[in-house]
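Hi,

Here is the structure for you to look over. My notes on the contact between the chains follow below.

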Amino acid sequence: MIFTISANTGGWELFVNSLLPMITGAIQYTIPLTLITFVLGILLALLIAMMRISNSKVLHVPAVVYVSAIRGTPLLVQLFIIFYGLPTIGLTIDPFPSAIIAFTLNVGAYASEIIRAAILSIPKGQWEAAQTIGMSRSTALRRIILPQAVRVSVPPLSNSFISLVKDTSLASLILVAELFRKAQEIAARTYDFLLLYVEAAIIYWVICFILSLVQTIIEKRLDRYVAK
Amino acid sequence: MFLSIKSLAKSFGDNQVLKDIDVNIEKGKVLSIIGPSGSGKTTLLRCLNSLEEPDKGIFTFNDGLTLDFEKKISKQEILKLRQKSGMVFQSYNLFPHKTAFENVTEGPLIVQKRKKAEVKELAEELLEKVGLKDKMNLYPHQLSGGQQQRVGIARALAMEPELMLFDEPTSALDPELIGEVLTVIKGLARDNWTMVIVTHELQFAGEVSDEVLFMDGGYIVEQGSPQQVLKSPKEARTQQFLQRILNPA
Ligand SMILES: Nc1ncnc2c1ncn2[C@@H]1O[C@H](COP(=O)(O)OP(=O)(O)OP(=O)(O)O)[C@@H](O)[C@H]1O
Ligand SMILES: [Mg+2]
């Protein structure tokens, strides 16, 4: 570490000196964790949403159970099961991959509900128009319904994305050296809990603020092409 | 004859919407269906396109394809039935994420898997026919209702169906936009398309149809030439219906 931070470092200096390790934590872990789990989570969510709207019980039932289980249990407990629990049965996973797994499962469950609702919100006339030009159900879904559903889901999915940024702070509890873990480590040495945790909060806020600007731009561009 | 329909029946739950309908659709002719709201006009049209499956009835096509809905109908047969007709919806149902041009090419390209160059030519020709060649790269939300409906017609024509079905193609339109859509449909009639048109536009029905059919309560009450059904109806119920439309109280 470039700066030495100790118990007798003063307020403003401590704030400035702590910025670098915290931002490093954000760049090394918080942001990659968010991006990777969001992409994987959306892919999983698409699969689960397809399973849920399918007529086949074999596909439908597991999807319903999965969504219910993930939504019905705390994220922190899921993280602990994967990181602290699984080693008991001989399955040890490193902190970062553990976090990826837990967050992906989470995004997959919540986003699948968003995507499913978006698919159901597309007017029946769109399915029928696709049918009358000879499309099968799966072609209609892929070519006509999903592209519109994606647009409908952008606002709720970007909300999930922003929540995910904040939820990644829970990964500090399974020892991932992300932003908040860095804050905790420095605070443990300097005892300046208020300053450091407020600082961490500000960095999260800045990241989320930038993301919400991006969200507004994307929504403006997309919400034009959806059937009313 | 293109299609003969015998004893068609359809219920939704306890509500019997079509009761023992017999209709013949002649090749190259225009059949208009009129009747009060809830009389089953849309349902009849949707049965022709297999958007609804009849409970009962026999469809016999000129090429020998016969569907008896009291027996089990295979997916293959449903597909064949669907390919025979194109549907134009009251609310257009254009694909909002595709341009006018893409709405028209979607079926031929993706479903029929025809060659790109050939489909492009077809789509341009059809959009020209409905008077929208200059608007072909616009999205539905950039078009007026009348223009959207004309794209809807071009989209159905692009599949080169033998039968065109129209369900109140102008009833969602502002009065000043109705004419442009009716003109396109009249053009199709002149080109000898076989068509079934559900409409409330009696004057238009009179001009464009070879035969008019009046439905009420799930039955065909009266059918015949436009002159006969619209000008000198025999049945009391037809007379009442026309009275109400011509002199709204
Ligand atoms: N999918 C459906 N489920 C249940 N009932 C239906 C359904 N579609 C139509 N109906 C009922 O069938 C009857 C006939 O409807 P249909 O739409 O065929 O009438 P219509 O003659 O086209 O009327 P309009 O002039 O109002 O369009 C109505 O009572 C309607 O409520
Ligand atoms: Mg109707």
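**Interface of chain A and chain B**

Between chain A and chain B about 1800 Å² is buried, and carbon and sulfur atoms give 64% of that. Buried area here is the accessible area (1.4 Å probe) that two parts lose on being put together, summed over both. This is a predicted model: local features need pLDDT of at least 70, side-chain atom pairs count only at pLDDT 80 or more, and totals for chains, interfaces and linings use all residues. Side-chain values use heavy atoms, without hydrogens and water.

Chain A puts 21 residues into the contact and chain B 22 residues; contact means heavy atoms within 4.5 Å.

The rule finds two salt bridges across this interface. The criterion is a side-chain nitrogen of Lys or Arg within 4 Å of a carboxyl oxygen of Asp or Glu. One of them joins A:Arg143 to B:Glu106, at 2.7 Å, N to O.

On the side of chain A that touches chain B, two elements give two or more residues: helix H5 (124–132) and helix H6 (137–167) of chain A. H5(A) supplies the largest share, eight residues. Helices are DSSP runs (H or I, at least four residues), numbered from the N terminus.

**Helix H5 of chain B**

This helix covers residues 145–157, 13 residues in total. From first C-alpha to last it reaches 18 Å, close to the 18 Å expected at 1.5 Å a residue. The expected span is 1.5 Å times one less than the number of residues. H5(B) is mostly covered, with 13 of its 13 residues buried, meaning under 20% relative accessible area (1.4 Å probe, protein chains only).

Best wishes

Definitions and conventions: Residues numbered from 1 in each chain as written. Chains lettered and ligands numbered in written order. Buried < 20%, exposed > 50% of the residue type's maximum accessible area, 1.4 Å probe, protein only.
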